[in-house]
Amino acid sequence: MPTQAKNMLMVAAVAAIAFHSAGAQSRKPTANAGAGDKASLASEDILDRAKTLRAAADALGMVRWSDIGAGASRLPAVDVVNTMELWGSGTTYGSGQAYKPGAPWPAFKTEIHVALAYNPAAMRVETTCTNSDASAQGRAVPLHIIQVVRDKYAWDESAIGAGLVPGKGTATPVMAADNNRLLRLWILPYGVVKAALAAGDKTKTSTENGTTVITFPLSGQLAGVTVKATLDAKNQVAKVETRTDNPALGEMFTETEYSDYADHGEEILTEIKSPGHIVQKRGGHPVLDIQVKKVDANNPYLVFPVPENVKNAAVH
Amino acid sequence: MMRTFRFSIVIAVAATACLLPAAAMARQFSQVSRTTNAPVAPSGATPRTPDGHPDLSGVWNGLGDNLIGVPNQMANAGIAVETESSTRDVASGARIATFPRGTTNPLNDEQAERAAALMRRMGSNRPVYKPQYWETVKKLDQNANEEDPANNCMPAGIPRAGIPSFVGQSPTYFIFIYPGTGGLIATQTSYRMIPVDGRQHTPLQDLDGTYTGEAIGHWEGDTLVVDTYGFNSSTWFDQIGGYMHSENMHVVERFHRDGNTLTWTATVEDPDVLLEPWTTTPRVALLNPNPEAVLPESLPCSERDLGHLVNKEHH
């Protein structure tokens, strides 16, 4: 593969698949989503936070209870979303990598497979990118990458689960990518609702131009990042806005749009609604346009053990 | 949808009909109205046998460890609903958002089944398999209607059987009885005779693998430790999850009595398939307060419903 084409694929894979960031080379995301500041909030309609978040959680099918075999017991409802797996395909774009000044960012056909968990917070993103404009940009040789994050650890795998068993693949620590990879998890619709609930009275709900807006700060490793989420008429998360500090592009405003919600389970329906279409723009440029083909939301068996060499890298 | 819904009813009715005595007995303790699934606080003194060890004997079929009902299944999976507004993942300590129910309308069976399937699987305490088995385990769980040995009336095995409903104790051995269980799964009755006379295990290579293996007990202070190996590979080692194992599985169970409660944990080692040992979330059973309590007969388990499957939705 020509070096330039290979580099382009790598850039696209690292930068664009992601639901948010520029991957291994980027730094800690910083504040904030813009319109959620106090000055603008003061002029907006303040909504009931608990009712708004409950409506958003219900719209995604996150809040559930069951009395099967419960006898006289009557448990409250709980957030049932923990693990999830999704498959999609579409286009990613090489962020800021146009071949000519003023030209659109190069596009790559992308297959994506995401496994995620919120307890513990972890995500594995497996992508295969192919240059869709091979004649202009080089041969269309697929690039396959696997990016993983769990809490404070981030690494790339040569194959799923690589580095856990001696002689079975390689796990490469990528600690600098940790926060940006974690952020991908928390700007998914479920992450938004969970994090907004966890933020308690720091979460603000309001209306802007007739739409419901939720603004909240993230915590822990992502402290300092503010997320602004806009709900659609069905109270589903329609848009999520954040701002990151990208070393190549400077402070970058990112917005991710979610639409076509449905239960995308195939033979196992869960009534958990997932977006069927995800579009992400960075600095106004499209970086991701994915159609979700299938989702397993039935808390499938997904684990994210941290390889020893990754733990050691974090210590040093 | 409707066919699935009907199938769910068929399964539930069949399981209940086959194993009604066990289910009915468990219900004796389920009449207590609760809004949590936390273990009951122990009460009373812990009786001791003449040799000074805690007396574990009795009928242990109250509230805690059984497969009947979502509250217990969640507890067994490590989800503790502590109050009407607070839920915690026991293994990780993570808080789980808890809400009032959204409607006074009861869920239909399909809604309740789907919710229950999620709630049973939301805990973080999962065994970590070697990567080459991750897809296998996931597929087994997804296809549990057909793949789960218990759905075919096979023995639950150890440690899936959990806390025995009856414990008989002598100075040199224990008798554990596990009645056939309805509800989430339908398993046949099984029993174990566990020596505590200081003997050693038979060499593994001399054992024919069995469902309950070769169990040897000993006391560590006031805790009964049951060490078991010599299994076949025909069982799953937890209620759900597709948690298969090899013939090299080794299980260490710990039983501790505190007043009228019996707490049980099991640690599973299986270097063939697991990346590391896995320990269950502690489960707590309540002593049947009726001194005349007996275990009624469990009727034979007979599976007749798998042919009606229309999709992979499951319990």
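**Entry 1**

I then followed the two strands. β7(A) and β8(A), the latter covering residues 153-157, pair in the antiparallel sense over five bridges. They form a hairpin with two residues between them. I checked the turn and noted that Asp151(A) has a positive phi of about 50°.

**Entry 2: the other partner of β7(A)**

Which strand does β7(A) join through eight bridges? I found strand β6 of chain A, residues 121-131, running antiparallel to β7, residues 143-150.

**Entry 3: a sheet with strands from both chains**

I turned to β3(A), residues 77-79, and found that it pairs with β5(B) in the antiparallel sense over two bridges. Here Ala77(A) stands opposite Phe99(B). I also traced β3(A) to β2(A), again an antiparallel pairing with two bridges. In that pairing I noted Val63(A) opposite Asp79(A). Put together, the three strands make an open sheet in the order β2(A)-β3(A)-β5(B), with antiparallel pairing.

**Entry 4: the contact between chains A and B**

How many residues does each chain bring to the contact? I have 54 residues from chain B and 41 residues from chain A. On the chain B side, I listed the elements that give two or more residues: α3 (70-76), β3 (86-89), β5 (98-99), α4 (109-120) and α5 (134-142). Of these, α4(B) gives the most, with eight residues. I sorted the residues on the side of chain B that touches chain A and got 23 nonpolar, 17 polar and 14 charged.

**Entry 5: confidence in chain A**

I looked up the pLDDT of chain A, and the average is 84. A score of at least 70 is reached by 79% of the residues. Where in chain A does pLDDT stay under 50? I found this over residues 1-44 of chain A. For that stretch the model has 135 contacts beyond four places in sequence. Where pLDDT is low, the predicted coordinates should not be read in detail. I therefore leave the details of such coordinates out of these notes.

Terms used. Residues numbered from 1 in each chain as written. Chains lettered and ligands numbered in written order. Predicted model: local features only at pLDDT ≥ 70, side-chain atom pairs only at ≥ 80, totals over all residues. pLDDT = per-residue confidence, 0-100. Contact = placed C-beta atoms within 7 Å. Pairing = 2+ DSSP bridges. Helix = DSSP H or I, 4+ residues; strand = E, 2+ residues; numbered from the N terminus. Nonpolar A, V, L, I, M, F, W, Y, C, P; charged D, E, K, R; others polar.
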